[in-house]
Amino acid sequence: MGEIFENFTIDFAENGGMYFTAIARWVFIFLALFILLRSIFSLLRTKNPSEVWGYWHFQTGGGLTDASQSTMSIPITHWENVIGRAKSCDLEMDDAGISRSHATLSRDHEGIWILTDLGSSNGTFVNGHKIRPWRKFEVEPGDEIQLGRTRCELFPVSLEEHRNNLEMRKMDTLLLAPAPSLIALTVFQLLTLIQLHIALGEAFVPSITIAFGGLCAVMWAYILTFRALKRKGFEMEFIAFFLCSLSLAVTASKYPDAVLKQFIAIVLGIAVFIFMCTFMRNLDRAKAVKPFMYAAATGLLLFNLVFATVKYGAANWVEIGGFSFQPSEMVKLAFIWVGAASLNELLEKKNSLIFMIFSGFCFCCLAVMGDFGTAIIFFVTFLIISFLRSGDFTKLILIVGVAFVGGLMVLKFYAYIAERFSAWGHVWEFADSLGYQQTRTMSAAASGGLVGVGAGEGWLNQVAAADTDLVFGMLIEEWGLIVAVMAVLSVITLSIFAYRSILSGRSAFYTIAACSAMSMYLFQTILNVFGSVDLFPLTGVTFPFVSNGGTSMIASWGLLAYLKAADTRQNASIAISLSPKGVHQMGKDKRKGRGRKK
């Protein structure tokens with residue numbers, strides 16, 4: 001009996017790592033399903049509560065003197081509202097004397113309402129005074145507003161109704177307790193660290209332990225700090241922290257010495273996320289920095305064109321002091337900020353033209369760099385920003401047509417792009433040339449099965465760009481198809497949540513920004529996943545939060561701030577102040593000493 005136990009002890013010592021990997025692969029699956037499904041179900045089942053900020057009263061019927069007129073009241077659920085005959089208007093009014101997009105009614109974070117005529121045919125009158133087109137005019141509850149043949153009036157929300165709305169908001173808010181997910185994710189990170197230590201052997205470096213320990217500490221500090229500040233909604237952050245854990249594991253598998261650098265990028269990304277959320281609490285402040293965002297984006301792109309080095313056929317990397325970064329990744333944040341901050345100003349031809357010129361400048365710079373994957377993402381985001389405010393399909397079809405022609409020209413003048421398209425759909429015929437990366441990715445993914453071979457145990461890490469452009473295949477090989485699919489579903493869930501925010505968002509700034517960030521997340525993931533398995537041409541874009549890369553990681557966290565700002569659940573978002581200031585304003589006390597802008 002003693003001899004049997006001694007032989008078992010020796011065998012376990014020699015093969016303990018294999019036993020651990022065999023068991024841990026299934027434990028990882030259950031932990032991943034628990035963490036991600038818990039957050040996914042919470043985001044999908046929740047209601048983004050709509051809030052009523054006032055009422056728009058107007059008369060319907062015949063002319064101004066028609067006795068058969070009846071009064072209608074439309075609840076105002078957004079801070080920026082387009083008034084007009086078009087069905088796309090927030091406040092739709094059936095009056096032939098009113099233009100399709102007649103005027104805008106907007107509210108600032110302090111509760112002041114501003115009316116702006118959009119160059120309408122018959123003008124806009126307040127208390128009998130015709131306001132000048134495109135000039136902001138402050139209106140108060142009780143003012144008589146005439147649009148076409150219709151008299152309108154702005155009614156404030158009563159204090160009692162505001163309290164009822166707040167109670168309804170609390171009832172609609174369903175937030176999961178963070179402790180179970182926090183503990184499960186901590187166990188996941190600890191087991192991953194042990195698995196990497198076993199798999200890498202002598203290649204394992206102490207910085208991997210520092211990175212995983214640091215991520216765990218940052219995660220706990222973040223949750224506990226904001227929980228103490230009465231914040232309760234952390235589903236988005238848990239998804240991001242989980243995907244970041246996978247990113248550290250993927251980086252350690254291919255470049256063990258680069259894990260600490262990736263951890264620093266995660267910390268910087270979280271810092272950017274917190275800063276952006278805090279800064280966006282004040283809508284006026286967020287819109288005021290639009291010129292700076294224009295300048296920052298332009299400067300970064302020009303800097304890239306001058307100092308970039310070429311990697312994998314694209315000149316989108318800048319190296320300074322041994323560190324390399326992609327300016328185009330950071331331009332994503334500025335591009336969305338500029339588009340969202342334009343708000344109803346996109347309805348003005350001058351501002352629309354400026355934004356289109358800026359967008360065209362970005363596309364041209366990305367084309368010169370050869371970064372056509374990012375250019376596609378920018379283009380889709382541009383379409384979403386434009387459509388959310390205009391609703392004009394005709395204009396979008398024209399833009400898409402021009403872009404298609406431009407794409408054909410790109411294929412003609414950029415040979416390496418044309419080569420990628422020539423191999424698309426049949427890479428196995430070019431297994432040792434143009435299809436080398438994708439064929440290896442699909443082979444490695446097939447060997448991973450449902451639960452994977454274990455972190456650090458795969459062979460795809462020997463292929464170039466396995467940790468970036470081909471990371472989906474690396475996830476399947478080492479972590480299994482289940483975890484890889486769950487990672488994709490997490491991104492899709494964030495996108496669905498952002499889409500649903502359109503109906504309940506306070507300001508168009510937040511909803512446009514969230515939907516634009518959603519488009520970048522979604523199309524970036526589609527291009528990465530489908531490109532690696534030959535459903536799309538390989539475009540060289542990263543998987544959000546998962547791919548190795550500092551600027552990509554920082555940009556991913558920055559994009560998450562836009563989604564967080566659109567979360568209207570009670571106490572859920574750190575981008576929404578808990579202070580009741582400006583939520584309910586009757587108007588008179590605030591306006592003492594203020595003059596109207598004409």
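This passage describes a few residues of the structure and their surroundings. The structure is a predicted model, in which local features need pLDDT of at least 70 and side-chain atom pairs count only at pLDDT 80 or more, while totals for chains, interfaces and linings use all residues. Residues are numbered from 1 along each chain as its sequence is written, and side-chain values use heavy atoms, with hydrogens and water left out.

Helices (H or I, at least four residues) and strands (E, at least two) are DSSP runs numbered from the N terminus, and contact denotes heavy atoms within 4.5 Å. Met442 is part of helix H14, which covers residues 436-448; when residues up to four places away in sequence are not counted, Met442 touches Val427, Trp428, Ser532, Val533 and Asp534. Of these, Ser532 is 90 residues from Met442 in sequence, yet their C-alpha atoms are 7.7 Å apart in space.

Gln524 is located in helix H17 and, with neighbours within four places in sequence left aside, is in contact with Lys332, Ile377, Ser519, Val541, Thr542, Pro544 and Ser552. Gln524 counts as buried because its relative accessibility is 2%, where buried means under 20% relative accessible area, exposed over 50%, and partly exposed in between (1.4 Å probe, protein chains only).

Most residues other than glycine have a negative phi. Phe545, in the loop between helix H17 (508-532) and helix H18 (550-565), is not a glycine but has a positive phi of about 75 degrees, and at 2% relative accessibility Phe545 counts as buried. Asn127, in the loop between strand E7 (124-126) and strand E8 (129-130), likewise is not a glycine and has a positive phi, of about 55 degrees, whereas its relative accessibility of 45% makes Asn127 partly exposed.
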